[in-house]
Amino acid sequence: TWVDTAICAGAAVKYIPVWGELLDGHLYDVDSGTLRHLLRNTTYCPFFSPGGFAEAVYTGADPEVEYLFLDGRTGFLKVAIEMGVDIIPTYMYGLNDMYRSLSWRRHERAVLSQKTRLPLFLWWGRWGTNIPFTEKVTGVWFDAFPSSKYTMEQLDQCLEDYKAYLVRCYDSYKAQAGYPHRRLEFIGKNMPPRPRPPARRARL
């Protein structure tokens, strides 16, 4: 079934080279008021990344981990529960490998990006340009998560169940997409990435 979507993102996207031009005139704000308006008054399905710019700061951060900036973020679930709609997760396998990004004070910049809604990250592709390192990207639309069955009193539980559902979705397709070694890790304002164990030295 075809679904008409409305791309929602931070207003700063329109000023990012290339992306601003591509989305000119087709971009909606990602605040809760806009999401409610789209769901109440249009036939569009809002399409957005809950992790936003904060998650983008972690682009290419780890060859074995893909980070989702979702810990403690319940705003989009609150709107879904209020409006009685389910959430259709999508995932773009390979997107994390298209570019590299600055590692300096990564988590602090991610938190500040979330607070200011500004893209506080520096990225680069081949030869330091916007040309991606890879164009092998596989998009998967998973079955809907039943957010409509929750109440506002169950908001925190809804988030935990949604995170567990995302892991199952991701793991179910990662080998077929070419990333059997990858795992998801949820981070957030008060939840930085788990420390990586030190690399073992090879014995001579």
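Predicted model: local features only at pLDDT ≥ 70, side-chain atom pairs only at ≥ 80, totals over all residues.
Me: In what order do the three strands of the open sheet stand, and which strands are at its edges?

Reply: The three strands are paired in the parallel sense, and their order in the open sheet is β2-β1-β3. Because β2 (27-28) and β3 (45-47) each have a single partner strand, one side of each is left without a neighbour in the sheet. The edge strands are therefore β2 and β3.

Me: Which residue in β2 is the bridge partner of C8?

Reply: Strand β1 covers residues 5-8 and pairs with β2 in the parallel sense over two bridges. In β2, the bridge partner of C8 is Y28.

Me: Which element gives the largest share of the largest nonpolar core, and how many residues does that share hold?

Reply: The largest nonpolar core has 25 residues, and those with the most contacts inside it are L68, L70, L77, Y91, Y93 and Y162. At least two residues of this core come from each of β4 (65-71), α4 (75-83), β5 (90-93), α6 (155-177) and β9 (183-188). The largest share is supplied by α6, with nine residues.

Me: Which residues is L70 in contact with, leaving aside its neighbours within four places in sequence?

Reply: L70 is one of the residues with the most contacts inside the largest nonpolar core. Once its neighbours within four places in sequence are left aside, the residues in contact with L70 are P50, F76, L159, Y162, L166, F186 and I187.

Me: How many residues does the other core have?

Reply: This other core lies apart from the largest one, and among its residues are A9, V57, A110 and I187. The number of residues in it is 14.

Me: Where does R105 lie, and is it buried or partly exposed?

Reply: R105 has a positive phi of about 45° although it is not a glycine, and R105 lies in the loop between β6 (100-101) and α5 (106-116). Because its relative accessibility is 46%, R105 counts as partly exposed.

Me: In which loop is R117 found, and is it buried or partly exposed?

Reply: R117, a residue other than glycine, has a positive phi near 60°, and R117 is found in the loop between α5 and β7 (123-124). Since the relative accessibility of R117 is 37%, this residue counts as partly exposed.

Terms used: Residues numbered from 1 in each chain as written. Heavy atoms only, no water. Pairing = 2+ DSSP bridges. Helix = DSSP H or I, 4+ residues; strand = E, 2+ residues; numbered from the N terminus. Buried < 20%, exposed > 50% of the residue type's maximum accessible area, 1.4 Å probe, protein only. Core = buried A, V, L, I, M, F, W, Y, C linked by side-chain atoms within 4.5 Å. Contact = heavy atoms within 4.5 Å.
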